[in-house]
Structures are given as structure tokens and as C-alpha cells.
Amino acid sequence: MQRILITGSNRGIGLELVRQYLGDGDVDLFATCRNPEQAQQLQELAHVYDGLIRVVQLEINDEDSIAAAVQAVAARVEGLDLLINNAGIGGDDHARIMGQLTASEVGRVIATNAVSPLIVTQSFRGLLKRGLNPRVVMISSGLGSLQREVGGSYAYRMSKAAMNMAARVLAFDEAMDGVTTATVNPGWVQTDMGGPNAALKPEESASALRALFKRLTPGDSGKFFQYDGSELPW
């Protein structure tokens, strides 16, 4: 039985990952989001798959909320096998468009998408160290690659590049020995952030991601993957 925690589980790729893992069964799943009482689809899944899933409140920008989530997970399992840092934001025009940028909005996106996943990982480190083939996956973006030659989306792209670096450092930190850390681009997906014209449906991306997560080994630690398993340039 896999013990899995997914952040940002109330919509998009996170929700689809929850749905697919539950469909397989043989999982102890912690689905986290900022406002569980408002996550109708997630609560419906929790009702249908009672016993396989626990919905946990987690505001990734709040260290007290992170600590409470760790306690909730530790009360149920002795270790965590897979942590999927999926929660993230795109920001508004003040984070995207030259001439409209503000320090507060750019900083908010970077803190949410890069700093908070690192703190979440640090907080769950003890449980991960007691997991079976423990893995940490950062859900990043191809826009975080420094080789992309396109303007705009400043904060989002900066935040994902910073997330990529955090994952890269985690992979070689002695404090994380035994934990595989990888970064993944889920593709351009039809979500609230990706929009209706995106190339992939959530179920397509999630299915490919799950196959990739399953085959990750310590030798993959520190790598940046496309959802189909091919490697991406940093």
C-alpha cells in the first residue's frame, strides 16, 4: 500500500491524481487543500472511497497549518512514500506583465510556488525518511526552463525556476539521504491555469505522471522530467 500526500488536491491535476490513485485502490491517500469544506469534488471522492483517503487542511504558505498537517498524517501512518508538491498559483497581471509588475504580487507567487513547497518538504522529511522508496516530486513547468526564449509571465516563470533549483539542491543534501527528489513538467493541461485550449486533458497528464512517479529510482534524483518521462533542460 502506497502512502501518498498531494498538495493542491481540490482541482486540476491534483484532483485528477487523487481520483486515479483512489481508482486503483491499495493506497493511503492524504489529499490536502486550503479550504476542505469548499472542495466539493474532493469531498465527494472522500465519501465514495472512505477508508482510502483523508482530506487534510493545508495552507502551504502558513507554517502552523503545515505543522498541523504533519501531525494529522503522522497520527495515521508511520511513514510517507510519496509527496507530490502540486499546489501553486499563476498570479494576476501584476505578476505577469511588464509595466504592471508589483513587488508584492511577484513575491507572493514566488513564495507560494517555490518557497512553500520547500518548507512543506522539510516538514514532512521525518515521515519521508521512514517511507518505502520515498520520493518527493515537484510539479513544475516547462516555463521554468532557462532555455525558453519567450517574454512575460515573470513571477510564474521565476517561481518555477526557483522550485527547480530547490529540488536540485534537495537531491544532493545529505539531510535527504534515501529520499529521491525529482521535478516534473505536467505538460500544458486543460485546467483553470492552463485554460481550455491546452493540449492535454487532466486525465492524460495525471496518468502519465503516475507512471513516471512509479518508476522513479534514486538514480533519478535531481532530474527534471517531462510528463512522458523524457528529460528536460534546466
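Modeller: Buried means under 20% relative accessible area, exposed over 50% and partly exposed in between, with a 1.4 Å probe and protein chains only. The model is predicted: local features need pLDDT of at least 70, side-chain atom pairs count only at pLDDT 80 or more, and totals for chains, interfaces and linings use all residues. Residues are numbered from 1 along each chain as its sequence is written, and side-chain values use heavy atoms, without hydrogens and water.

Biologist: Happy to start with helix 2. Which exposed residues sit on its face turned away from the buried side?

Modeller: Helices (H or I, at least four residues) and strands (E, at least two) are DSSP runs, numbered from the N terminus. In helix 2 the buried residues are L42, L45 and A46. Their arc (taken from the directions from the helix axis to the C-beta atoms) is only 100°, so they lie on the same side of helix 2. The face turned away from that buried side carries the exposed Q40, H47 and V48.

Biologist: What do the buried residues of helix 2 pack against?

Modeller: Taking contact as heavy atoms within 4.5 Å, let us begin with one partner. Q41, L42 and L45 in helix 2 meet L15, V18, R19 and L22 in helix 1. The buried residues of helix 2 pack against helix 1, strand 2 (27-33) and strand 3 (53-57).

Biologist: How far apart are the axes of helix 1 and helix 2?

Modeller: Axes are lines fitted to C-alpha atoms, for helices over the stretch in contact, and angles run from 0 to 180 degrees between N-to-C directions. Helix 1 (residues 12-24) and helix 2 (residues 40-48) pack at about 10°, and their axes are apart by 11 Å.

Biologist: Finally, is N164 buried or exposed?

Modeller: N164 lies in helix 7 (residues 154-171). Not counting residues up to four places away in sequence, N164 touches S140, G144, T183, F224 and W234. Its relative accessibility is 1%, so N164 counts as buried.
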